[in-house]
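Reader: I would like to go through the labels used for this model. For each one, tell me what stands behind it.

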Amino acid sequence: MTAEFNLIKQHFTHATKHTDLGVGDDAALVHVSAGHQLVVSTDMSLVDVHFFQDAEPYNIGWKSLAVNVSDMAAMGANPKWITLSIALPTINNTWLLEFSRGLMACASAFNIDLIGGDTTRGPLNISIQIMGEVPIGKALRRDGAKDGDDIWVSGHLGNAALGLQLLQKKLPNVNEETRSVCLKAINTPQPRIALGLALSNIATSCIDISDGLMADLGHVLKASNVGGTIQLESIPCLPDIRAQLEEPDTQRLLLAGGEDYELCFTAPSQQRENIMDVAMELRLQLMRVGRINQTDSLTATLHNKVLNIKHLGYDHFSSQT
């Protein structure tokens, strides 16, 4: 057996739950449930771009999959299958054991089968394709926001961006509770699959917050041909962050920090009670942070004063965020 096939057998061959033929053949065989559409997305994770050289391999494995699962959440889809393509500078079985443990922990948490992929030698590069199902015509999309809709976000924003600063050793004086929460947010994000599924008959549009609230909401507004306003003071965040809302760095953290992997969605005001019911059922904070309007722009305000946010979010082809 070659080193490549031994690597696959040792680290990436697992029992599947809803797959006709998985790892070990030329291709996998799956079937989509009756009355459903296939939902497909892919993401790459590159060393020194998406994670540091010395990052814990368990965290790399978890997060490499979690960011894909978050795309399924944004579509209101149920994730079912992934393929993994990974380039490795060398075969390091200790590293691979922890990486695969993190990857499969995330897969198990969301009932996902690993059904195939590829390995090769090269700079560390992880590419995952994810596939899921959604009832025909029920997918959440970006192009449905309407004038007068409320803008909502889930969870807390800014934690991951603060966590990144901690990894970069830029915030030595953060208290231990905040440090723990923020490092967990950046290392092992928790995709909002249950929320996406619950919003299928409620939300008019949805997107996951990966590149920053302003940037990602901007995609919704462009697709829907509408504008919007965000009230900074309404954005849910940690007390340590809220205490510094007047600071430009804090404003950028909340509006353009990125990697929150929470959901931002729009819904008519008549749905507010239903959304609160979802929040209670899922035990998840859902907060109304703004409103869709008929303009062609997105603005952010703090106590009714318009803010000047120069960098709206992460750009994969820019050194600025």
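Reader: Why are helix 4 and helix 5 called roughly perpendicular?
Author: The axes of helix 4 (residues 159-167) and helix 5 (residues 176-187) cross at roughly 100°. Roughly perpendicular means 65 to 115 degrees; under 35 counts as roughly parallel, over 145 as roughly antiparallel, and the rest as oblique. Helix 4 and helix 5 are therefore roughly perpendicular to each other. The axes come within 7 Å. Axes are lines fitted to C-alpha atoms, for helices over the stretch in contact, and angles run from 0 to 180 degrees between N-to-C directions.

Reader: Which residues of helix 4 and helix 5 meet?
Author: Contact means heavy atoms within 4.5 Å. From helix 4, the residues include Leu 162, Gly 163, Leu 166 and Leu 167. From helix 5, they include Val 181, Cys 182, Ala 185 and Ile 186.

Reader: What kind of model is this, and what are the ground rules?
Author: This is a predicted model: local features need pLDDT of at least 70, side-chain atom pairs count only at pLDDT 80 or more, and totals for chains, interfaces and linings use all residues. Residues are numbered from 1 along each chain as its sequence is written, and side-chain values use heavy atoms, with hydrogens and water left out.

Reader: How many helices and strands does the chain have?
Author: The chain has 10 helices and 11 strands. Both are DSSP runs, numbered from the N terminus: helices are H or I with at least four residues, strands are E with at least two.

Reader: What makes Ala 279 count as buried?
Author: Buried means under 20% relative accessible area, exposed over 50%, and partly exposed in between (1.4 Å probe, protein chains only). Ala 279 has 12% relative accessibility, so it counts as buried. Ala 279 is in helix 10 (residues 272-282). Leaving aside residues up to four places away in sequence, Ala 279 touches Leu 284 and Leu 286. Its C-alpha is 8.4 Å from that of Leu 195, 84 residues apart along the chain.

Reader: Is Asn 293 buried or exposed?
Author: Asn 293 has a relative accessible area of 19%, so it is buried. Asn 293 belongs to strand 9.

Reader: Which backbone nitrogen lies 3.4 Å from a polar atom of the Asn 293 side chain?
Author: That of Gly 228. A polar contact is a pair of N or O atoms within 3.5 Å; within protein, one must be able to donate a hydrogen and the other to accept it, and residues adjacent in sequence count only if both atoms are side-chain atoms. Asn 293 also touches other residues, among them Asp 147 and Val 226.

Reader: Why is helix 2 described as largely enclosed?
Author: Of its 18 residues, 17 are buried, so the rest of the structure largely encloses helix 2.

Reader: How do you know that the span of helix 3 agrees with expectation?
Author: The expected span is 1.5 Å times one less than the number of residues. For the 17 residues of helix 3 (residues 93-109) that gives 24 Å, and the end C-alpha atoms are 24 Å apart, so the two agree. At the start of helix 3, a side-chain oxygen of Asn 92 reaches to within 3.1 Å of the backbone nitrogen of Thr 94. Just after helix 3, Asn 111 takes a positive phi of about 60°.

Reader: What makes strand 6 and strand 11 edge strands?
Author: Two strands pair if DSSP finds at least two bridges between them. The seven-strand open sheet has the order 6-8-5-9-7-10-11, with mixed pairing. Strand 6 (205-208) and strand 11 (305-306) each have a single partner strand, so one side of each is left without a neighbour in the sheet. Helix 2 (residues 57-74) packs on this sheet, touching strand 6 and strand 8 (263-267).

Reader: How many bridges pair strand 7 with strand 9, and in which sense?
Author: Four bridges, in the antiparallel sense. In strand 9, Gly 290 is the bridge partner of Ile 230.

Reader: Which strands stand at the edges of the four-strand sheet?
Author: That open sheet has the order 1-4-2-3, again with mixed pairing. Strand 1 (36-46) and strand 3 (113-121) are its edge strands, each pairing on one side only. The twist averages 15° from one strand to the next.
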